[in-house]
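Q: I would like to learn how to read a structure, one feature at a time. Where do we begin?
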Amino acid sequence: MRRFLSLGFVCCLLLSLSLTAQAQTNVTPPDDKSAYALLEALDVDSYRDKGEAITAVLQSDDERARDWLQALLDGRLQRSDDGRFIVVLDNSGRNWPVADALTGEPLGEMSRRELDRIGINNALRNQLRSAIAVVDLYSPNVERRRTSANRLLGEVDGELLAPINELILEEDDGQVRNRLSQAVAIYRTEQGEMEGVEALTGSLHPRARVALSRAAHGDDPVVADAARNALASVEQNLKINRGVETLYFGLSLGSVLVLAAIGLAITFGVMGVINMAHGELMMLGAYTTWMMQQLLPGQPGLALVLSIPAGFLVAALVGVAIERSVIQFLKGRPLETLLATFGISLILQQLVRTGISPLNRTVITPEWMSGSLVINDALSLTINRMVVLAFALVVFAGLMLIMRRTRLGLEVRAVTQNRAMARSMGIRATRVDIMTFALGSGVAGLAGVALSQLTNVGPNLGQNYIIDSFMVVVFGGVGNLWGTLVAGLSLGVINQVLEPWAGAVLAKIIVLVFIILFIQKRPRGLFPQKGRAAEG
Amino acid sequence: MATQHNYPSRRFITSVLAAAVMGASAQAIAQEDDPIKVGILHSLSGTMAISESTLKDTVEMLIEQQNEAGGLLGRQLEAVVVDPASNWPLFAERARELLAQHEVDVVFGNWTSVSRKAVLPVFEELNGLLFYPVQYEGEESSENVFYTGAAPNQQAIPAVEYLINEVGIERFALVGTDYVYPRTTNRILEAFLKDEHGVADEDIMVNYTPFGHSDWQNIVSEIRRFGEEGKPTAVVSTINGDANVPFYRELANQGIDAADIPVIAFSVGEQELSGIDTAPLVGHLAAWNYFMSVDADENYDFIDAWIEHTGDEEAVTNDPMEAHYIGFNMWAEAVRKAGTTEVDAVKDAIIGVTVPNLSGGYAAMMPNHHITKPVLIGEVQDNGQFDIVWQTPSTVAGDAWSDFLPGSRDLIADWRKPMECGNFNVVNGSCGGSTAAEEAEAALAE
């Protein structure tokens, strides 16, 4: 309801705007005294008065109005101690570069103490966005028009109706026209008009569905019937969309599990080393991403891409150090290895905690990885998850290639199947151990780079994934990379299917119980190793 | 016979008295030389280190400042720091170490409710003083604990009232981490929404997730659908710690804007936001009793001192830090008033003590060991700070026992003489002991 009200302010402006659009050239620029008064009206305590002041700014026809409103929306419109209005250009540090709001002239840097921000709340934010959207409908920029048309869905009221209908006739972009017509249809449906209901039939947009379900409870039995039919007709479609969405959630959770587990599938699965510090190698990969972003300020995307090799290298080197200093002396003693590597994991965590900070670090998500891909009105897929899913598959394919097609892979398989025999054939088993451990650790580093985009980068990052990783490897079948992939993805999907029905806590428990029962039945996991290697 | 019997015993008494006098004077001499020991019981390692380690630094800074100003009662203060390592049973051991071995005069510590419950018996047994600085679920008042964080009526209830009255919200998703604080708070909120505001069952959605939950896809999409049904919807979040970052990220990625479905959080402060890119979160809300952005000279002085102490230009301050600031000053004032650091004297002297808070007002210690606080609602800004959009016209006194839960409703706490009771039942007029607390817990477990 608030939005409808706030739009009320805007309507009168619309009329004046459409007038000024034609008469733009002969408007004399308002003198700065009146502009100052406009801004001064914004600097009041009451949000209601501020709302009226915003409307006044809009109706002033001042060409700086949109910039002021945008600055106000972003919290960058401020007032200095001497009463001047200031636009903050960059509010990231402690001292901010500023410019005069009226003249646009840069004024150097000012500190927080000298400035008072003109605050807004969510209601005003809505009002500002709607106002800017209405202004932008007349913008020559198609993107701006599309955004503003999207925003107007469900927000059209009686006064906006006529100007929007006019705009539809003039608009040459199909997408904008389509959205605006839908916005009008939603309004009509809410008024209980048959025409609107017909136009909305088949629409998946939540606003349209809200309008239809209101019409379905309306007074006119014919319209109510039609609205009910329209709602029922998309029911099946919605179910399919929800199914696809759940599947995507599952695959994406699964891809995280696969990434976390695949390095372990090599060190634990192939080499048989229980490395409890695996999670910490992932953490190091994530911190490498943070470090790269610190080294390349302002280029989070480039830093992220560069941290893929960097994260691999850092984790691989630390992995080799662990292997050389501890694990090689504990060969064939799994319990001691478990305890020693658990100790290492605690040491690495505390090193990061004291060396860098116990606090989480901010890793920025680059522009091209945020937001979601809109498939239709009822289904959109988040892009960061999609990138991680693709990355997991690429890493998996790369590992498969190394294990199947390279000499290293052949040697690794030979050494793990029969160490003595491989050595007698001239393979340097120690070197292969180092390389394998480096590879497994490096992949953990890659997982860390990916996780930095999904979760917290902090000293505890690894702990949260180590149990899940072992679970996936054991479920998939020790020593089998395909098993890890299938196990990870299917556990992800099972978890996400159960979650809406059982809740997050119970879903996790059910999955664990399921795995315990499964392991009872098939102790060697989904894809048990066959042949003589399995005996070892 | 009688005299013969009396004689040695009289001598015995005199010697005992003499020894006592000598001992006391020796103690007095020792007191003048010895520093006052201040125990700090915050995790410096483990999962809670992220939140608790800054509180240790805060208390150290306050001690430094106090020493620079000449100490207390002419004595210097000395910090005794132990690390309970985010391990709840270890909290109890370390508390015992502080009280029995180091004989500290006061302890500042704990973050999670479960750790507070673990040290409670130790403080009661050894008669220590604990200042607890974090917002919590209430339903407790101990003779030995001073709760300088918010009780539910100083945070959750005003926050929800703000949503209903100022924002016009009609549907509520209560989302929290699965442990005692969110569960109790959400029960109180559910009862409050239904009884006081007539919110229907279908307009309340409750969801719990494990600690450190990182895959929010399903829950966020459920919230989105919950909010798409036509009524203005808000999320009331008691999600704790790390899990918040992926939660907000998922919200932003699924395109849920604060203008569509605002999230009001009770456990997200400046510190939590410092680990996250806040641009997509602008407009989401938090309810606290202090924000770093508060416009008050005391606050700016505190921030400057904090930045100087940490040597980090980007260091942020937050609500539990202010709680320690208030608690420390209250304790110092009470020691001055009592003229001694002796626990029982300080405990009596502190009730009614009033000290400045950081938002330009004053905090007073109430007889139920809770303090008065203003309630502030802030909106997240893109620089990781909060813009204060609403605040209670005056300070609110902390209520140990919620008025919205059966069993707890009839209880009050008053540690002044002659009542001296943490759970006095006003209906049957007796100090409830354990039964009232159990009733409240049973009501919770329903």
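Q: Where in chain B is the place of His369(B)?

A: First, a caution: this is a predicted model. His369(B) sits in the loop between strand E12 (362–364) and strand E13 (372–373) of chain B.

Q: What is the phi of His369(B)?

A: The general idea comes first. Most residues other than glycine have a negative phi. His369(B) is not a glycine, although its phi is positive, at about 70 degrees.

Q: Is His369(B) buried or exposed?

A: A residue counts as buried if 20 or more other C-beta atoms lie within 10 Å of its own. His369(B) has 26 C-beta neighbours inside 10 Å, so it counts as buried.

Q: What is the phi of Glu103(B), and where is that residue found?

A: Glu103(B) has a positive phi of about 50 degrees and is not a glycine. The loop that holds Glu103(B) runs between helix H3 (88–101) and strand E3 (106–109) of chain B.

Q: Why does Glu103(B) count as partly exposed?

A: Residues between the buried and exposed cut-offs, 20 or more and 12 or fewer neighbours, are called partly exposed. Glu103(B) counts as partly exposed because it has 13 C-beta neighbours inside 10 Å.

Q: Why is Asp304(B) exposed?

A: Asp304(B) is exposed because it has 10 other C-beta atoms within 10 Å. This residue is found in helix H10 (residues 297–310) of chain B. Its C-alpha atom is separated by 19 Å from that of Gly361(B), which is 57 residues apart from Asp304(B) along the chain.

Q: Which residues does a cis peptide bond join?

A: Again, the general idea: most peptide bonds are trans. Here a cis peptide bond links Lys417(B) to Pro418(B), with omega about 0 degrees. Pro418(B) is part of the loop between strand E17 (411–414) and strand E18 (421–425) of chain B.

Q: How many helices and strands does chain B have?

A: Chain B has 13 helices and 19 strands. Of its 446 residues, 54% are buried.

Q: Which residues of the largest nonpolar core touch the most other members?

A: In soluble globular proteins, nonpolar side chains tend to be buried together. The largest nonpolar core here has 130 residues, and Ile264(B) and Trp331(B) touch the most other members. Helix H11 (residues 319–338) of chain B gives this core its largest share, 10 residues. A second, separate core has 77 residues, among them Phe249(A) and Val511(A).

Q: Which residues does Ile264(B) touch, not counting those up to four places away in sequence?

A: With those left out, Ile264(B) touches residues including Ala159(B), Leu163(B), Val236(B) and Leu285(B).

Q: How many residues of chain A are in contact with chain B?

A: An interface can be read by counting the residues on each side. Here 49 residues of chain A are in contact with 47 residues of chain B. Several elements of chain A each supply at least two residues to the side that touches chain B, including helix H11 (221–270), helix H20 (481–502) and strand E7 (379–382). That side of chain A divides into 12 nonpolar, 25 polar and 12 charged residues.

Q: Which residues of chain A does UniProt list for "transmembrane region"?

A: A record can be set beside the model. The unreviewed UniProt entry lists several spans of chain A under that name, including residues 247–274 and 302–322. In the model, residues 247–274 of chain A are 86% helix and 0% strand, with end C-alpha atoms 32 Å apart. Residues 302–322 of chain A are 100% helix and 0% strand, and their end C-alpha atoms lie 30 Å apart.

Technical notes: Residues numbered from 1 in each chain as written. Chains lettered and ligands numbered in written order. Predicted model: local features only at pLDDT ≥ 70, side-chain atom pairs only at ≥ 80, totals over all residues. Contact = placed C-beta atoms within 7 Å. Helix = DSSP H or I, 4+ residues; strand = E, 2+ residues; numbered from the N terminus. Nonpolar A, V, L, I, M, F, W, Y, C, P; charged D, E, K, R; others polar. UniProt positions renumbered as here; feature names shortened; annotations may be inferred. Core = buried A, V, L, I, M, F, W, Y, C linked by C-beta atoms within 7 Å.
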